[in-house]
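Here is a short note for a first look at this model. Please read the points with the structure open.

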Amino acid sequence: MTPEIKKQQLNFLFNLDINYALSDHIGSNGITNVELQKSAEKVSIALEKIDKDKHNISLLSICDDNREVKLAKQISSQIQNKYRKLIIFGMGGSSLGGQALCGTKFYQYLNKNLQTKIIFIDNIHYHHFNIFLEELNYQETAFLTISKSGSTLETLSQILVTKDFFNKEIELYGANNFYFITENTNNPLQEIAQSLNCNIIPHHLNIGGRYSCFTSVAMIPAKIAGMDLNQYLQGGKNIIDDFLYNKQNSIVFKGATLLHAIAKKGYSNHVFIPYLQRLYQMIYWYAQLSAESLGKNGQGMTPVKAIGSVDQHSQLQLFLDGPKNKFFTFITQSTKNLGNKITVPNNIAKLDYLNNNSLGDVINANQESTITSLVKNNCPIRRIHFNEFNDMATGEIMMFFMLETILLGYTNQINPFDQPAVEIGKKIAKQILSSSTVNKNNP
């Protein structure tokens with residue numbers, strides 16, 4: 001690796017604590033110093049490969065690319081100034097990154113207070129979809145369709161049905177409210193956009209769906225939801241700088257080394273459990289990031305989605321008393337004394353423990369008790385704890401997870417950017433639909 005001057009260690013808005021994944025704290029279920037060192041050696045080799053290939057990994061320079069943020073600000077401003085609703089069609093990484101960012105702004109609860117309400121349509125339910133379209137005011141609604149390849153089956157189906165449903169309105173008012181993000185290639189989605197005489201927003205050629213969180217794909221809805229994109233980009237840049245300059249001393253290296261050792265230890269399930277409701281949508285994005293990037297050649301841990309404190313009442317029994325094949329990533333923040341105060345009537349003595357506490361005290365007690373219970377049961381956990389949660393913190397954590405995943409992919413000698421097994425199912429689905437079309441045309 002080319003010698004470089006070590007950059008001063010950055011202070012991030014979150015801390016990564018791996019102590020309770022180590023054998024010093026949880027016994028034989030944890031990672032020993034020898035195991036951690038062996039993994040560090042393998043991750044170091046992968047880091048050297050990334051360092052040599054860094055100019056070909058666009059994610060490492062995306063936070064310095066003003067074109068994406070300028071584009072996101074421009075398009076989001078157009079939509080906000082003209083429309084009361086934004087409907088986003090997309091699957092997987094074309095949708096989940098944007099949902100994760102918007103979720104941090106509590107959009108699912110405060111959407112009604114936004115100038116433009118955002119609705120992600122990331123699945124197909126034919127009956128409900130039709131009812132949904134009937135409720136829309138065409139002239140007050142913008143439609144953003146996203147597919148990097150321009151050939152995503154579900155997304156094409158969504159926009160084609162929508163186009164047909166509003167055919168009369170398109171003839172009367174035009175289709176200026178239709179926006180498309182796709183590659184600048186001769187693909188089906190581009191042809192649909194051209195048939196409507198719509199401008200096409202170019203999808204970043206070298207950054208695919210699940211890694212597109214710092215491109216217009218995710219930043220357009222994030223800006224509409226109220227995110228400060230400059231702060232968000234700065235958060236991502238903080239992690240990239242640490243990774244590129246501090247290398248083995250970076251927070252990404254620390255995270256990837258632990259995950260590599262955990263997988264080698266035989267843990268097959270990775271429970272991802274935030275205790276911040278704002279990160280609920282991030283659970284789904286991280287599951288895709290991990291599964292599609294690392295689930296190859298018989299490798300990879302199965303992501304298990306959970307949220308605190310909901311899953312204390314649905315999955316915790318299994319976590320504590322079931323098979324010891326699970327590793328846990330907790331995401332926490334202190335919520336002491338935050339939220340509404342709880343007042344217990346004088347005649348209910350059994351609830352005295354709640355009196356004068358806040359809702360924040362309850363969630364704080366739950367996260368601490370759950371972590372303590374798992375540690376006492378010798379379950380390996382790592383804890384990502386936010387000292388402050390804002391748009392910069394969102395940028396930091398999103399970039400941390402993406403770079404950690406890429407580094408793990410290189411360590412395991414797999415390509416973290418493709419998903420070859422998924423393509424097989426897509427081809428079969430198209431074959432089934434083609435056969436169905438022939439049968440319908442020739443009854």
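1. L351 lies in the loop between β9 (326-333) and α15 (359-376). Helices (H or I, at least four residues) and strands (E, at least two) are DSSP runs, numbered from the N terminus. L351 is partly exposed, at 31% relative accessible area. Buried means under 20%, exposed over 50%, partly exposed in between (1.4 Å probe, protein chains only).

2. The model is predicted: local features need pLDDT of at least 70, side-chain atom pairs count only at pLDDT 80 or more, and totals for chains, interfaces and linings use all residues. Residues are numbered from 1 along each chain as its sequence is written, and side-chain values use heavy atoms, leaving out hydrogens and water.

3. Helix α2 (residues 33-53) has 21 residues. From first C-alpha to last it reaches 30 Å, close to the 30 Å expected at 1.5 Å a residue (1.5 Å times one less than the number of residues). Its buried residues are S39, A40, V43, S44, A46, L47, I50 and D51. Their cover includes α11 (229-246), α12 (251-264) and α16 (391-411).

4. The whole structure has zero disulfides (pairs of cysteine sulfur atoms within 2.5 Å). For C63, the nearest cysteine sulfur is that of C213, 11 Å away. C63 is buried, at 10% relative accessible area. C102 is in no disulfide either; its nearest cysteine sulfur, that of C213, is 11 Å away. C102 is buried, at 0%.

How values were computed
Contact means heavy atoms within 4.5 Å.
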